[in-house]
Structure formats: structure tokens, C-alpha cells
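Subject: Two-chain model, handover and notes

Hello,

Here is the structure I said I would pass on. My notes on it are below the entry.

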Amino acid sequence: MNTVALSGVGKSYGRNTALADVTLDLGPGITGLLGPNGAGKTTILRILATALAADQGTVRIMGEDPRSLTGRTTVRRHLGYAPQETGFPRGFTAFSFIDYLAILKEWSDAGTRHEEVRRVLELVDLADVAPKRVGALSGGQRRRLVLAQALLGRPDLLVLDEPTAGLDPAQRGRLRDVLGQAGESATVVISTHQTEDVAALCERVIVLDRGQVLFDGRIVDLVSEAAGRVWMSDTRQPTAQYAWRTGTGRVRNVGDPPPDAELIEPALEDAYLLLVGDAADDERLESAS
Amino acid sequence: MSAVWHVDATALAAYAEGRCTPVAGASVEAHLMRCRSCTAGLRGLMPEEPVERAWRAVRAHVEEPRAGAIERLLRLVGVSAESARLLGAVPAFQGAWVLGLFSITVFAGVAAVFAGDLGMSLFLIVAPLAPVAGVAASFGGDADPAHELEVATPYSSLRLLLLRTAGVLATSVPVAMLLGLGLPGPAWLAVAWLTPALTGIAITLALSPYVGTTTTAAVIGAAWSLGVLMADRAGEPETVVEPAMQLVLAALAVIALVHLVLNHPTLDPAGRNS
């Protein structure tokens with residue numbers, strides 16, 4: 001059974017449609033959500049994290065309907081969630097913040113709870129700052145603190161919104177290791193703007209744009225869609241969808257090639273740019289006609 | 001004589017198992033301080049599990065930071081460590097807030113005793129509104145900085161709300177009641193402000209899923225203050241807590257509480273469309 005099954009899910013905020021008719025099944029392993037700002041990534045993750053109810057469609061998480069109190073309580077017992085942004089209670093230390101969330105996650109025995117708090121702090125390399133107040137931590141440390149609480153109790157469903165934002169390369173490497181291990185048994189869903197994180201971690205990628213699923217499949221299949229459309233040249237092709245001068249001095253053209261161009265292997269980023277760019281072109285053509 | 005003396009295996013094993021006499025133990029310990037070879041031998045003899053457990057206990061003691069002042073105070077008066085932490089996370093139980101509310105209530109109480117009708121009006125405004133403000137600062141997105149994380153946990157929203165409301169009442173009501181005992185006029189005035197306080201809390205909680213606790217409490221505060229000031233201008237501020245008003249306020253409180261109990265799933269954002 002899939003951990004998550006969304007069918008025809010829609011969500012609007014006033015007149016703005018955040019999600020329109022999204023259908024998805026997710027099982028164990030790491031799935032990456034990619035998409036421009038406002039594509040609906042955070043809305044999907046909040047629905048999966050039972051922090052938001054869908055307006056339309058059916059949502060099943062671990063076979064439970066999160067609209068019912070018992071259903072969402074069951075889901076929450078198996079859930080780890082790291083939102084994109086959160087505040088922190090004033091005066092709490094790193095340790096007491098994680099301990100606070102662990103109490104809310106029903107770890108009633110203080111001994112085992114504190115041991116678990118130390119375990120997750122160690123996982124994100126924050127054991128040394130456990131007694132420090134959250135207000136005195138750096139932005140990257142706070143980000144890792146939010147991730148640490150999501151790892152409490154080794155959840156079966158891990159929902160992480162922009163987990164690598166604000167982390168330096170070494171911290172991102174460490175986090176990839178932690179998530180890679182979690183993804184061996186749990187269903188991990190991450191949203192990100194970093195295509196390299198998705199390429200490094202995920203088996204599956206879902207590209208969203210304006211509340212709809214543009215692509216849902218294996219990374220290699222998305223990359224292969226860009227085959228034959230990425231070029232290196234000495235000059236810039238004005239009609240290429242994206243073109244930029246690389247560190248070698250040559251120009252990478254994504255889309256149409258200039259005359260002297262040499263075809264190269266596409267990367268996930270190229271495929272993503274083309275997919276979102278093509279969808280925007282289609283939209284423009286439709287509205288013009 | 002240059003031969004180096006080492007602790008023999010039997011004595012070392014006895015030391016590892018804690019069977020040495022105090023004198024022999026002290027002698028072994030003195031030697032271990034300067035002999036690496038015997039220390040290494042001892043390490044092999046020590047049962048690993050208790051050492052590991054002891055080390056974890058030491059780390060736990062060193063790394064677990066002391067709870068904040070309010071949390072420690074709550075634990076002193078018998079609140080469990082878990083409940084104290086759940087209370088300590090919101091502004092209503094943080095030092096500046098508690099101290100501020102305490103000072104205003106005391107000031108209003110003293111004013112009521114010494115400053116005639118105006119002081120009485122001040123007391124009738126502050127005493128009921130202090131717990132309403134406390135509740136507003138203890139639950140919901142307005143008050144919980146980590147609300148988004150909290151809603152995704154299995155802990156019941158209703159339970160958290162009741163715990164924090166009880167905490168607010170326990171910290172704010174006794175002070176105002178004690179001050180009320182010193183008020184001029186009939187004895188019932190000392191507790192007359194309790195009904196508007198409970199009505200304000202019930203309405204704030206009942207409307208919290210729709211309007212937010214801060215906004216609701218602000219509107220209630222403005223309306224109640226206006227009512228008391230109008231009664232004050234008429235020369236009798238006590239009329240706002242007279243029996244007829246008590247009945248009206250109690251009826252409002254009952255309606256709000258019934259609404260809250262019937263619709264408590266809406267306290268949870270994921271329950272609002274069900």
C-alpha cells in the first residue's frame with residue numbers, strides 16, 4: 001500500500017488556486033518536489049503534514065483520512081514535518097525546543113525522551129549547542145534544529161519543506177546522508193529549489209507549476225526529455241530559452257542551438273528549466289489565441 | 001631496585017568489580033593514575049554496559065540545560081515537568097508577561113481600595129481582562145510561534161488549550177481575588193468579576209478558529225472597558241457586575257462553551273473542512 005494517495009486534490013486561498021486536481025501516490029523512498037515559487041509545493045506538503053485541509057478531492061495517508069480526528073491523530077504519530085518557516089518559543093534552548101516537540105509527540109517517559117532528543121541533535125550535528133538558547137543560534141543551526149525535531153521517533157513519513165535552504169555545502173552533505181538513510185525505509189518528501197539536491201537524493205521527482213503536476217517520474221526520465229536540447233558554444237543563442245556564460249568561458253544554451261554549437265549531455269536543471277519554460281510558452285500561446 | 005610494579009590481575013579484577021577493601025582500592029587507584037598499562041588492563045575488565053550507562057547519565061546531566069525560571073516555578077508548585085514545558089512555550093507563561101500582568105492587577109486592586117469609584121472602575125476593567133489576555137497569549141497561531149509544528153503532532157489541541165487555560169486561571173485569578181477582598185462595598189464584589197472573566201475566556205476560545213485569539217481578546221477588552229467606563233460616568237461602576245448582568249454574561253459563557261465543545265475539531269486547522 002502506498003503511504004500517500006492524493007486524488008483530485010484542490011486547494012484555494014480566496015480567489016487564488018494553489019492546487020488544482022492533483023493526483024499522486026507516494027511510497028517508501030525519497031521524492032523531490034520541484035517547481036517555481038507559487039507552484040503549490042508548500043501547499044501539498046502542508047496537506048501531507050495534516051497542517052492544512054484540502055478543499056477538494058480525497059487524501060489518504062497511511063490509509064487514513066486526515067479530515068477525521070482519529071485519522072489525523074494516527075497519521076501524526078508516524079509523521080515528521082519540517083516546515084519552511086517557523087518561530088521558536090522565547091527563552092527555549094535547543095534541547096528544550098526539541099524536548100517540547102517530543103512531549104507533543106507523546107514521548108511521556110522523560111529518560112527515553114531525553115535520549116531521543118540527544119540522538120536527533122547528534123544526527124544534525126547540534127549536540128554541542130544543546131544548552132544554547134535558540135535565539136543565540138545561527139540561521140543554519142536553527143534550520144537544522146527544525147529538521148532534528150522532524151526526525152524524532154524515526155517517522156514513517158517525513159515531510160520536509162526546503163530542508164537544505166540556508167545550509168552550507170558540508171551541512172548539506174551531512175543532511176543528504178541522514179535523509180538517504182531515512183529514505184531506506186520511510187516515505188520522504190522534500191521540496192526544494194536546488195535541482196542538485198534532487199539529483200543527489202531522490203529516486204523520483206514531481207515538477208509542479210501553477211498548482212498542477214507537470215511531470216511525475218524517475219529523474220533519468222525527466223533528464224532524457226532534455227536530450228538534444230542543451231548546447232555548448234562560443235556565442236550566445238538569442239532564441240535559446242536560457243543561455244549563460246559558464247566558468248570555462250563558453251556559453252551553455254538550453255533550448256535552441258547557435259550555429260557553432262556542440263551538443264552536450266543535459267543535467268536535471270536543464271530538463272527542469274525546459275519543462276517549466278515550455279509550460280509557460282504553452283500558457284502564453286493559449287492565452288494569445 | 002628498578003623493576004616496575006604493576007597491579008596483579010586478581011587485584012585489578014576485584015577493583016573492576018568493586019570488591020576491593022577501601023585501602024586496597026585507594027592503592028590501586030593511586031597506581032592507575034600513573035600507569036597506562038594497568039589502566040588499559042582495567043578497561044578490558046570493566047563491564048561495558050554500566051560504563052556506557054554511567055557515561056550517558058553524566059552527559060545527560062551536563063547537556064540538559066536548566067529549565068527557565070517560570071518552568072522551575074511551575075514545577076515547584078507541583079506541575080509536572082512535561083506540563084511546565086508545554087506552558088513555558090507561550091508568552092502567557094514567560095517572565096515579562098507574568099510580571100506585567102501581575103503588576104497591573106496589583107495596581108488596579110490598590111487603586112480600587114484607595115481611589116473611590118475611578119479605582120473601582122479600573123479594578124473592574126483589569127481583573128476580568130487579565131485572564132482573558134493570558135488566554136489570548138497562550139493558544140493559537142497568534143500566541144504560539146511554533147504553531148505550524150505543534151499542529152502536526154498527535155497531542156490534542158483541546159487538551160493543550162484546556163491545560164493552558166487552567167494555567168492562566170491558576171496564575172491570574174488568586175491575586176485578583178485576594179485584592180478583591182479589600183474592596184469597599186458589598187462582599188460579593190470580591191468575586192463578581194469572575195463571571196465576565198470566564199465569559200471573555202469562553203468567547204475568545206470559541207472564536208479562536210475563525211478570528212484569532214488576539215483579535216477576539218482585543219475586541220472583548222475594548223467592549224468591556226467601554227461598558228465599565230459608561231457605568232462609571234453614570235456614577236455606579238458596580239452595575240456591570242450586578243446580578244442581572246451576571247446572568248446575561250453567564251448565559252453568553254454557556255453558549256460559547258457549548259459551541260467550543262461541539263466544534264472543538266475546528267481548533268485544529270486540518271479539521272476545519274470536515
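The model is predicted: local features need pLDDT of at least 70, side-chain atom pairs count only at pLDDT 80 or more, and totals for chains, interfaces and linings use all residues. Residues are numbered from 1 along each chain as its sequence is written, while chains are lettered from A and ligands numbered from 1 in the order in which they are written. Helices (H or I, at least four residues) and strands (E, at least two) are DSSP runs, numbered from the N terminus.

Records

UniProt positions are in the numbering used here, feature names are shortened, and the annotations may be inferred rather than shown by experiment. For chain A, an unreviewed UniProt entry places "domain: ABC transporter" at residues 4-235. In the model that span is 35% helix and 28% strand, and its end C-alpha atoms lie 47 Å apart. For chain B, an unreviewed entry lists "domain: Putative zinc-finger" at residues 11-38; the span is 71% helix and 0% strand, with 11 Å between its end C-alpha atoms. UniProt (unreviewed entry) also gives "transmembrane region" for residues 95-115, 121-140, 161-181, 187-207 and 243-262 of chain B. Among them, residues 161-181 are 95% helix and 0% strand, with end C-alpha atoms 30 Å apart, and residues 243-262 are 100% helix and 0% strand, with end C-alpha atoms 28 Å apart.

Chain A

Burial is counted from C-beta atoms placed from the backbone: a residue is buried if 20 or more others lie within 10 Å of its own, exposed if 12 or fewer, and partly exposed in between. Helix H1 (41-48) of chain A has eight of its eight residues buried, so it is largely enclosed by the rest of the structure. The buried residues include A:Lys41 and A:Arg46 as well as A:Ile44, A:Leu45, A:Ile47 and A:Leu48. Just after H1(A), A:Thr50 takes a positive phi of about 55 degrees. The loop between strand S3 (29-34) and H1 of chain A holds A:Asn37, which counts as exposed because it has 7 C-beta neighbours inside 10 Å. Its C-alpha atom is separated by 29 Å from that of A:Gln181, 144 residues apart along the chain.

Helix H5 (residues 139-150) of chain A has 12 residues and should span 16 Å at 1.5 Å a residue; its end C-alpha atoms are 17 Å apart, which agrees. The expected span is 1.5 Å times one less than the number of residues. A:Arg143, A:Arg144, A:Leu145, A:Val146, A:Leu147, A:Ala148, A:Gln149 and A:Ala150 are buried in H5(A). Their cover includes strand S5 (79-82), helix H3 (94-104), helix H4 (110-123), strand S6 (157-161) and helix H6 (169-182) of chain A, together with helix H9 (147-151) of chain B.

The loops on either side of H5(A) each have a residue to check. A:Asp125, in the loop between H4 and H5 of chain A, is not a glycine but has a positive phi of about 60 degrees; it is partly exposed, with 16 other C-beta atoms within 10 Å. A:Arg154, in the loop between H5 and S6 of chain A, has a positive phi near 45 degrees and is likewise a residue other than glycine. With 15 C-beta neighbours inside 10 Å, A:Arg154 counts as partly exposed.

Contact between the chains

Residues are in contact if their C-beta atoms, placed from the backbone, lie within 7 Å. In chain A, 40 residues are in contact with 30 residues of chain B. Helix H2 (69-77), S5, H3 and H4 of chain A each supply at least two residues of that side of chain A, and H3(A) gives the most, with seven.

Chain B

B:Ala166 is in helix H10 (residues 157-180) of chain B and is exposed, with 12 other C-beta atoms within 10 Å. The C-alpha atoms of B:Ala166 and B:Val135 are separated by 9.2 Å, at 31 residues apart along the chain.

Regards

Methods. Contact = placed C-beta atoms within 7 Å.
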